[in-house]
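Here are my notes on this one, as numbered points. Have the model open while you read.

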Amino acid sequence: MKDFFKYVGATIVGLLIFGLVVTMLATMSVVGMVASSESTQKVKENSVLVLNLEGILQEQADDNLTAKLNGTTGLGLAETLSAIKKAKDNENLKGIFIQAGVFYAYMAQVEEIRDALVDFKKSGKWIVAYGDTYSQACYYIASAANKIYLNPQGIVDWHGIGGQMTYLKDTYAKIGIKVIPFKCGKYKSATEMFTEDRMSEPNREQTERYIGGWWQTMCRAVSTSRGISIDTLNAYADRVVTLDDPKNLLKYKMVDGLLYADQVKPAIKKLLKIDEDKSINQVSVMGMQNVPVKNEGDEVAVYYAYGDIVTKSTPESIFGNHVIASEDVCKDLADLADDEDVKAVVIRVNSGGGSAFASEQIWHQVQELKSKKPVVISMGGAAASGGYYMSAGANYIYAEPNTITGSIGIFGLTVDRSELMTQKLGMHFDEVKTNRNALMGISVNPLTAEQMGYIQSSIDRGYLLFKSRVAQGRKMNMDKVEEIAQGHVYLGSDALKMGLVDALGGLDKAVVKAAQLAKLDTYYTESYPGTTSWYEQLMKDSEDSTNKLLDDKLKMYLGNFYEPFVLMQTASNQSGLQARMPFLLKVN
């Protein structure tokens, strides 16, 4: 019997050791594959850059190990722009092939990609687009191509831009919940979804302005590239050519040819001047990231800040959205301030706002950074409310013409659940207290007029501070700031006229300006925050990785409904003073 237990124990130990060795070998293999895919690459002669426009565009592609292994790195704006720029300058790359699809992005991001493609064509190289389906954003980008091909049974979505707000007041009323808003500024409409049943006129006015501006931009660009009048493009949208016979799209000059997928390669080979039996050398956007560039001169840091503005980042929710966590951002900016190799900093902001407290902390840290070296803001799809707050004090601000910015205002929400608890559920409460407002904040007690006055005073104080930061950074008096504040949302082109931004342009122009302010003759850029090592990623909490994977899958399946779904889930968790927009439309 002793021998039996001895042999069984030895077997178990052996299996444990074997399992450990296999796990280590598997880990080394995985790391090896990832490292191999990230090794320096040389572009082969006569190559084509493949730009896959499908899915949701992020400001940066996910760089964590889990995303790479699951194939959910997604499409990143930073990587896309970098790839197009490298392709323009690389003599081995002869053209760009756009694989079209259903594509979602902020209008300013889409505009930046299209501008990069137009610049690419100045090199004399070609661009060809093909797809079974072109979403509107994708078609807008593809209209920069020399040739646009469509599957004979495919569609080009072209119906105009619109958005729909969800209003929850009556829904909450059915279950005995009342949301009480506190805000500054008639245009500050983030509270309306909880307190109204339709858009206020100020909110309708500003929303119609920016989506109208987006549509005009798209129509002007397509009209110029395709030789179709703007009036005709609007007529096509009104009668939803999305559902038209593809042969008619050819007649309408919206596409140049109807081809099946296997017929596209011969067209590309003809442009490359290679035989039919030869393979096409292809390189992806992520593959282009591994093509080396010479780093000469001084460093200009590009710091990416995108997502909701919060105090700290937590992995508690399955919605693993990227956030601007003030605790992390402030530390990173302090490190950049102390880094003697960094001569200037460009902060790339894409955010509809969030916590007013966190925005103030980042504003302060930007001032500390600015005291040591130039700071330039590059606004992406949005830099509104808290996103503008953190940007206002920089040396110089760039926005795209269709960036959503401004929204200078503050709001807060309290939830009254007294009817739900007492009348709907039949609960009873009794209380003891030392002072008349000792129980203020308990949601089963309706707020008194006195308590509501205290909350509004706090909101007013936050609004005054926000305006003072804008006045200081933009060199305006407070009356002027109040005139253009009140939570009003603006397009970047309108913000320029009002002095809220200094110039129109993308990230490249912001980098050039930062170098000029730092008086640099030669320079290169480095992106921040830096990526974590594969070992650190492997050692991260498995729950965090699982949540991120679930979030990636939700984005994939929900598409354009993803953000409203997340907004519904997070609405009840908003606390403290908020400087945020009600919603951010993505163009599809």
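Is Arg226 buried or exposed?

1. Ground rules. This is a predicted model, so local features need pLDDT of at least 70 and side-chain atom pairs count only at pLDDT 80 or more, while totals for chains, interfaces and linings use all residues. Residues are numbered from 1 along each chain as its sequence is written, and side-chain values use heavy atoms, with hydrogens and water left out.

2. The overall picture. The protein chain has 23 helices and 23 strands; these are DSSP runs numbered from the N terminus, with helices (H or I) of at least four residues and strands (E) of at least two. Of its 588 residues, 49% count as buried, meaning under 20% relative accessible area, with exposed being over 50% and partly exposed in between (1.4 Å probe, protein chains only). Taking contacts (heavy atoms within 4.5 Å) between residues at least 6 apart in sequence, 76% join residues at least 24 apart.

3. Arg226 and its partner. Arg226 is buried, at 10% relative accessibility. Its side chain meets that of Asp256 in a salt bridge, 3.0 Å from N to O; the term needs a side-chain nitrogen of Lys or Arg within 4 Å of a carboxyl oxygen of Asp or Glu. Arg226 is in helix H8 (residues 201-226) and Asp256 in the loop between helix H10 (246-251) and strand E9 (257-258), so the pair links distant parts of the chain, 30 residues apart. Asp256 is partly exposed, at 31%.

4. Other salt bridges. The whole structure has 14 of them. Arg474 belongs to helix H17 and Asp502 to the loop between helix H19 (492-498) and strand E21 (503-504), so parts 28 residues apart in sequence are tied together. Arg474 is buried at 12%, whereas Asp502 is partly exposed at 28%. Look also at Glu59, Glu112 and Arg348, which salt bridges with shared partners join into one network. Asp197 and Arg198 make another bridge, at 3.2 Å from N to O; Asp197 is partly exposed at 41%, and Arg198 is exposed at 57%.

5. Ring pairs. There are eight aromatic pairs: rings of Phe, Tyr and Trp (its six-membered ring) with centres within 6.5 Å, called stacked if the planes are under 30 degrees apart, edge-to-face if over 60 and tilted otherwise. Tyr172 and Phe194 are stacked, 6.4 Å centre to centre with 5° between the planes. Helix H6 (residues 169-174) carries Tyr172 and helix H7 (residues 192-195) carries Phe194, 22 residues apart. Phe194 is buried, at 5%. Tyr389 and Phe466 are stacked because their centres are 4.4 Å apart and their planes at 25°. That pair connects helix H15 (residues 386-389) with helix H17 (residues 449-474), 77 residues apart. Tyr389 is buried at 2%, and Phe466 is buried at 0%. Ring pairs also join Tyr134, Tyr139, Trp158 and Trp215 into a cluster.

6. Charges over rings. Here NZ of Lys or CZ of Arg must be within 6 Å of the ring centre and within 35 degrees of the ring normal. The charged end of Lys513 sits over the ring of Tyr396, 4.5 Å from its centre, and that of Arg114 over the ring of Tyr140, at 5.4 Å.
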